[in-house]
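The following note sets out several points on the model shown below. Please read them alongside the sequence and the coordinates.

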Amino acid sequence: MKERCPCNLQPAAGGHFGESTGDNSAEHMRISFIQVNSLLRMAGGLGPLRGMGVHGALNWQFTQQDNNITKLILTYQAHGVIKGDFAKLAPIVDRVQNSQ
């Protein structure tokens, strides 16, 4: 079995966040917008959402604070059509993002 490759996120529009393990690979999201030192936006479905046909925008917003610390606000807005209650997936997606 081949070694697992680390995330290969390229910091430019069109760059992608993906991974591979052996002969298996996944592209999770693509960078759609960068405003240096301010905002990074990625588009795609995370985890099981991709297989459900759910698509979203993941925004990483960076704000410089007075105490020379950078504040990060992460938001993920997703849309699509799924069977059942879409709202039940939100805590699961939130938990996965927090663990990353």
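1. A nonpolar core is here a set of buried Ala, Val, Leu, Ile, Met, Phe, Trp, Tyr and Cys residues joined through side-chain atoms within 4.5 Å; buried means under 20% relative accessible area, exposed over 50% and partly exposed in between, with a 1.4 Å probe and protein chains only. The model is predicted: local features need pLDDT of at least 70, side-chain atom pairs count only at pLDDT 80 or more, and totals for chains, interfaces and linings use all residues. Residues are numbered from 1 along each chain as its sequence is written, and side-chain values use heavy atoms, with hydrogens and water left out.

2. The largest nonpolar core has eleven residues: Met29, Ile31, Leu40, Met42, Leu46, Leu49, Val54, Leu58, Tyr76, Leu89 and Val93. At least two residues of this core come from each of strand S3 (24-35), strand S4 (39-44) and helix H2 (89-99). Helices (H or I, at least four residues) and strands (E, at least two) are DSSP runs, numbered from the N terminus. In soluble globular proteins, nonpolar side chains tend to be buried together.

3. Leu40 is in contact (heavy atoms within 4.5 Å) with Ile31, Phe33, Ile34, Leu58, Asn59, Trp60 and Phe62, when residues up to four places away in sequence are not counted.

4. Strands count as paired if DSSP finds at least two bridges between them. S3 and S4 run antiparallel and are joined by five bridges; Arg30 has Ala43 in S4 as its bridge partner. Three residues lie between the strands in this hairpin, where Asn37 takes a positive phi near 60°. S4 is also joined to strand S5 (residues 55-64), in antiparallel fashion, by six bridges, and Gly44 has Gly56 in S5 as its bridge partner.

5. Beyond its neighbours within four places in sequence, Gly45 contacts His28, Arg50, Val54, His55 and Tyr76.

6. A pocket is an open set of points on a 1 Å grid over the protein atoms alone, with protein on both sides within 12 Å along at least five of seven lines; lining residues have an atom within 4 Å of a point. The lining of the second largest pocket consists of Leu49, Tyr76, Ala78, Phe86, Ala87, Leu89, Ala90, Val93, Asp94 and Gln97. Strand S6 (70-79) and H2 are the elements that give two or more residues to this lining, and H2 gives the most, with five.

Technical notes: On a 1 Å grid over the protein atoms alone, a cavity is a set of points where a 1.4 Å probe fits but cannot get out, and a pocket is an open set with protein on both sides within 12 Å along at least five of seven lines; lining residues have an atom within 4 Å of a point.
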